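I opened this entry to look up charged residues and their partners. My notes follow the model.

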Amino acid sequence: MGAQRIAIFDTTLRDGEQSPGCSMNLEEKLLMAHQLEALEVDVIEAGFPVASDDDFAAVQAIARECRRPIIAALCRAIPKDIDRAWEALSGAARPRIHTFLATSDIHLAYKLQKTRAEALDMIREGVSRAKSYTEDVEFSAEDATRSDWDFLVEVCTVALAAGATVLNIPDTVGYTVPDEYGRLITYLREKVPGIEKATISVHCHNDLGLAAANSLAAINAGARQVECTVNGIGERAGNAALEEVVMALSVRRDQLPYETGIRKELIYRTSQTLANITGREVQPNKAIVGRNAFAHESGIHQHGMLSHSSTYEIMTPESVGVRRSSLVLGKHSGRHALAKRFEELGYPLDRNGLDKAYKLFTKLSDQKKEIFDEDLLAIVQDGITSIPEIYKLKTVQAMAGTAMFSTALVTLGTEAGEVSETALGDGPVNAVFAAVDKLTGLSGRLLEFRIHSVSRGADAVGEVFVQVEFDGLPHGGKGASTDIVDASVRAYLNAVNKAIFARRNGKHATGGTPKPTAQEAGS
Ligand code: KIV
Ligand code: ZN
């Protein structure tokens with residue numbers, strides 16, 4: 001008999017997207033959803049349609065475009081949420097309604113002001129309503145690990161009788177420990193009549209750093225679906241990291257005789273795609289996908305590695321798609337080599353994309369001797385986007401120093417030709433942003449500014465991420481260059497172009513259904 005299959009339910013675009021600084025626009029969500037489809041996750045939780053018009057549109061678009069995985073939409077167990085979820089999912093090839101209600105006494109008393117009996121009624125009605133739309137219905141007992149176990153038995157029994165096909169037992173606040181969580185799953189399997197007809201799912205938060213360990217304990221106790229996110233992003237300390245759960249199952253098959261359908265060689269690329277989209281760098285020591293996960297610093301370790309890599313590596317970097325040597329191209333590399341390398345990195349470019357990428361690449365290779373994969377990924381994410389470049393950077397000059405105001409001169413390309421402006425500022429970056437504001441007539445409020453180096457060496461490419469508020473709405477922007485002022489103005493213009501694009505598409509701060517609070521939404 002083959003190993004038992006564990007379904008991977010990815011909630012990067014829902015629970016992950018709820019975490020601060022990780023919000024994505026429609027285009028970014030679609031890019032990520034396609035990457036998750038290529039990774040071969042079983043389920044993509046695409047959003048929470050009732051939360052906002054943007055969430056609704058994202059679920060609808062992902063449902064239309066990603067045809068292989070199941071597409072799940074989250075909703076509270078209340079009629080208007082369930083109806084909206086179904087509306088967003090109606091074009092999906094494989095839709096799933098994922099409805100939830102909190103079941104712990106703490107949540108029932110303080111958040112919902114409901115009795116246990118009322119909660120059971122809501123679960124029965126919610127699941128039945130979802131079932132009237134689609135066969136595939138998941139029910140989550142929010143805060144399950146702090147709920148009374150016998151009440152959970154009743155909850156699962158009611159949800160199952162109403163038609164739930166997946167029963168999710170979330171550790172919403174990251175409170176449980178592996179042994180206890182395993183026992184809870186076993187308890188439910190023993191006490192809920194007919195539970196074998198449903199798939200038991202687990203959803204762990206990482207408040208005590210135990211999300212992956214708890215998920216594995218639950219699998220050992222009979223759970224067959226794991227909910228997780230790429231890079232472990234999510235509310236507070238995050239969710240179980242997809243890459244950790246998948247690689248633990250793969251590396252320790254002797255202890256955990258289960259398999260997933262994940263294409264492990266795409267793990268690193270998927271992690272980088274998310275980091276590039278959100279601008280949230282992966283912490284260097286992050287398991288599996290951190291920059292140092294396969295780095296060997298000490299002499300003893302390096303010596304061991306040279307003798308045999310198994311001395312200090314329990315998996316190869318290649319098995320998750322990390323190249324051992326990522327030095328790839330230089331000044332004399334041609335279009336062909338560039339196209340091939342982009343293809344290896346998972347970005348097959350069409351002629352137009354390659355033209356743009358090549359232009360950015362030649363400019364970069366004038367500034368930098370060695371070009372690493374990280375530089376290329378920054379190019380592809382920065383330069384090749386479908387947001388129209390209404391304002392395009394032509395040149396930027398900035399002068400700064402102690403005991404003087406910084407000055408900047410910025411020239412932008414527009415539909416009507418080139419325009420230039422000068423401005424003063426508190427520093428060179430502030431001055432170039434002020435010059436851009438004068439040129440565009442928009443007044444941006446900088447909410448966040450971050451810079452990091454994407455590769456090695458003094459000539460490394462710096463990547464800048466900004467969050468700028470225009471018209472009361474925050475817009476993220478990113479730019480990459482070996483010059484930080486250049487990278488900053490590119491990032492700012494990226495946000496400006498997104499703001500104008502959003503304005504032209506009728507997005508204003510006051511539009512749409514307000515997003516529920518994290519509490520209302522469940523975490
Ligand atoms: O953490 C949680 O309980 C959730 C549910 C909505 C599944 O995210
Ligand atoms: Zn959650």
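**Entry 1: the model and the overall count.** I am working with a predicted model. I searched the whole structure for salt bridges and got 32.

**Entry 2: K111 and E142.** I looked at this pair and found a salt bridge between the side chains, 2.7 Å from N to O. K111 sits in helix α5, residues 105–112. E142 belongs to strand β6, residues 137–142. The pair therefore ties together parts that are 31 residues apart in sequence.

**Entry 3: K286 and E244.** I found another salt bridge here, with the closest N and O atoms 2.4 Å apart. This pair links distant parts of the chain, 42 residues apart. K286 is in the loop between α11 (267–278) and α12 (299–307). E244 is in helix α10, residues 242–251. I checked accessibility for both partners. K286 is buried at 8% relative accessible area, whereas E244 is partly exposed at 25%.

**Entry 4: D179 and R183.** I turned to a pair within one helix, α8, residues 178–191. The side chains of D179 and R183 meet in a salt bridge, 3.3 Å from N to O. Why are D179 and R183 separated by about one helical turn? Because they are four residues apart in helix α8. I recorded D179 as exposed, at 54% relative accessibility. R183 came out partly exposed, at 45% relative accessible area.

**Entry 5: a network.** I also noted that R14, D15 and E45 are linked by salt bridges into a network.

**Entry 6: the positive patch.** Which residues form a positive surface patch? I listed K356, K359, K392 and K394. Helix α14 (351–367) and strand β13 (392–399) are the elements that give two or more residues to this patch. I took K359 as my example. K359 lies in helix α14. K359 counts as exposed because its relative accessibility is 66%, and the cut-off for exposed is over 50%.

**Entry 7: E374.** I ended with E374, which is found in helix α15, residues 373–383. Is E374 buried or exposed? E374 is at 18% relative accessibility, so I noted E374 as buried. The cut-off for buried is under 20%. I also looked up E374 against Q272. The two are 102 residues apart in sequence, and their C-alpha atoms are 8.7 Å apart in space.

Definitions and conventions:
Residues numbered from 1 in each chain as written. Chains lettered and ligands numbered in written order. Predicted model: local features only at pLDDT ≥ 70, side-chain atom pairs only at ≥ 80, totals over all residues. Heavy atoms only, no water. Buried < 20%, exposed > 50% of the residue type's maximum accessible area, 1.4 Å probe, protein only. Patch = residues over 30% accessible without salt bridge, like charges linked within 9 Å, V, L, I, M, F, W, Y side chains within 5 Å. Areas by Shrake-Rupley, 256 points an atom, 1.4 Å probe, with all protein chains shown as cover. Salt bridge = Lys/Arg side-chain N within 4 Å of Asp/Glu carboxyl O. Lys, Arg positive; Asp, Glu negative; His and termini not counted. Charge placed at Lys NZ, Arg CZ, Asp CG, Glu CD.
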